[in-house]
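Please have the sequence and the structure open side by side.

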Amino acid sequence: MKSPLRRVVTAAAVVASTALLATGCSAANPGTGGGGDTGSVSWSSPTKSLNGVTLTYWTSSEEAHLADQPIAAFEKATGAKINTVIIPDVYETNAPTKLATGAKPDLATWQPTGSELALLKPATGLQDLSSAPWMSKTTDGIKKIGVVDGKNYAAVVNVPSVIGVYYNKAVFTRAGITATPTNWDELIADAKKIKADGVAPFFGAAGTVWPTQWWPQVYVAEAAKNGLWDEVNTGKTTFSGPDLLGAITEYKSMLDDGLFNADNKTSTYEESAPALMKGQAGMVLQINSFAQALQSSYSTAQINSTLGWFPISKDGNIPTSVPGGDNALVAFKTGDAKKEAAARQFLEFWLEDGYADYVKAAKVPSLEPSVPSAPGVPQVLTQAAGALNDAVGSMQQSAVVNPDFYVYLGDMVNGTKTPKQVAQTTQSQFDQLAKSLGVTGF
């Protein structure tokens, strides 16, 4: 099973990648190698003959088979050849390392967030896909993904994750809960009803550590909608500011009130799905990969009859999105106009002529309204996908860099850091990372 941590850009990866890209090699500044024009591009028929054209496609070991079906279909339809190169983990570190040596692919899987795209210097290193034909057919939520300085540099092929609450319907019923909560106060009130019924309200899985970060992030959704991450990015506020520190403090209060499973400190992500399905916990706050983990052990019918899903935020039900490495591809500027056009054509083929076949083969929700989702997709995953249009960006999506917030929150769960210390440590690392990337003001 894929590790959802791949969806989280680690600070270590950013530091290592930035150090390499700062060396000034032509790969670190892709525009110096040719193809530096950032203007509009032309789009060919998705099935135009490409006999004799060979493209190089980089991907991670975990996404090694992501493009197998569209590649095979594209090669058959056009006569092109696409060579897949698997970059060893950690992909986010090793791919920039390879770029710094002067190597460059035509296409690559990449996390379509501002901080990750920044490592590829999109204005000079990547093709602008803003005028792509599929853009007019996709949803507003998808159009927001992969945008840097008003230009879209990512071809989103899978629906990005939305953080939400997966809940056990029977546990809710036994606790007397007849409707899902419409704000945080109602969420906590429902959690206390579930606790009073003898069930752990939330399964935390803090032993895996990274799930800790979702709680403060969804709590600040309203603030994020009002520009919180822009203010953090420009130094106008910090993790010690009222919004983020308030969210961390709220999470600590939930821990202190015993609203998580008794073994939260040591329990794991892999234990979350069975605990929820068996009614040993009432709720799990997670991203879309949780539904995919459920599918590995339970049928769609079992999932649909047992679980429901809803987004949550401090004052309402604003969803929070977390784009991952398996969600998108980028096309590089290589200086070879023929190959650049062929790379665009592949993306167009995947998301136009070949998209319905891809959705069916991959058994995923569709991100294009006119194409139905694959049969057998659980209702909770369909709900999460449908919430993307109303979602605000997470730290991963909207911050210029991503510190190891979850690590410090894990320290708090284990009693070695206070909320204030979590905020201070996270901000200190944020400042370090932003400075290393040359972000203005740091």
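What follows is a short tour, from the whole chain down to single residues.

## Overall fold

The model is predicted. Its protein chain holds 21 helices and 13 strands. Along the principal axes, the C-alpha trace spans about 70 × 50 × 35 Å.

How does the radius of gyration compare with that of a compact globule? A compact globule of 442 residues would come out near 22 Å, and the protein chain has 22 Å, so the two agree. Buried residues account for 57% of the 442 residues. The chain exposes about 16500 Å². Carbon and sulfur atoms supply 50% of that area.

Take the contacts between residues at least 6 apart: 80% of them join residues at least 24 apart.

## The largest pocket

The largest pocket has a volume of about 970 Å³. Its lining counts 41 residues, and those closest to the centre are G114, V147, V148, S398 and V400.

Which elements supply at least two lining residues each? Six are helices: helix 1 (11-21), helix 4 (114-118), helix 5 (122-125), helix 10 (221-225), helix 11 (228-233) and helix 19 (395-398). By class, the lining has 21 nonpolar, 14 polar and six charged residues.

W215 sits in helix 9 (residues 214-219). Is W215 buried or exposed? Its relative accessibility is 4%, under the 20% limit, so W215 counts as buried. Leaving out residues up to four places away in sequence, W215 touches W184, L187, F202, Y251, M254, F260 and L285. A247 lies 32 residues from W215 along the chain, and their C-alpha atoms are separated by 7.8 Å.

I287 belongs to the loop between strand 9 (281-286) and helix 14 (289-295). This residue counts as buried because its relative accessibility is 0%. I287 and W214 are 73 residues apart in sequence, yet 8.6 Å apart in space, C-alpha to C-alpha.

## V199, a buried loop residue

V199 lies in the loop between helix 8 (184-196) and strand 8 (200-202). With a relative accessible area of 13%, V199 is buried. Which residues does V199 touch, not counting those up to four places away in sequence? They are V171, I194, G279, Q280, A281 and G282.

S60 gives a contrast in distance. V199 and S60 are 139 residues apart in sequence and 40 Å apart in space, C-alpha to C-alpha.

## D243 in helix 12

D243 is part of helix 12 (residues 242-256). Its relative accessible area is 38%, so D243 is partly exposed. Beyond neighbours within four places in sequence, D243 is in contact with V220, A223 and L228. T93 is 150 residues from D243 in sequence and 31 Å from it in space, C-alpha to C-alpha.

## Backbone points to check

Most residues other than glycine have a negative phi, and most peptide bonds are trans.

The peptide bond from D89 to V90 is cis, with omega near 5°. V90 lies in the loop between strand 2 (81-87) and helix 3 (91-100).

D149 has a positive phi, near 50°. The residue is in the loop between strand 4 and strand 5 (151-152). At 77% relative accessibility, over the 50% limit, D149 counts as exposed. V209 also has a positive phi, near 75°. V209 is found in the loop between strand 8 (200-202) and helix 9. What does its 25% relative accessibility make V209? V209 counts as partly exposed, because 25% falls between the 20% and 50% limits.

How values were computed:
Residues are numbered from 1 along each chain as its sequence is written. This is a predicted model: local features need pLDDT of at least 70, side-chain atom pairs count only at pLDDT 80 or more; totals for chains, interfaces and linings use all residues. Side-chain values use heavy atoms; hydrogens and water are left out. On a 1 Å grid over the protein atoms alone, a cavity is a set of points where a 1.4 Å probe fits but cannot get out, and a pocket is an open set with protein on both sides within 12 Å along at least five of seven lines; lining residues have an atom within 4 Å of a point. Grid points are joined across faces, edges and corners, and a volume is the space filled by probe spheres set on the points. Helices (H or I, at least four residues) and strands (E, at least two) are DSSP runs, numbered from the N terminus. Ala, Val, Leu, Ile, Met, Phe, Trp, Tyr, Cys and Pro count as nonpolar, Asp, Glu, Lys and Arg as charged, and the others, Gly among them, as polar. The radius of gyration is taken over C-alpha atoms; the globule rule is 2.2 Å times the number of residues to the power 0.38. Buried means under 20% relative accessible area, exposed over 50%, partly exposed in between (1.4 Å probe, protein chains only). Contact means heavy atoms within 4.5 Å. Accessible areas come from the Shrake-Rupley method with a 1.4 Å probe; for residues, only the protein chains shown count as cover.
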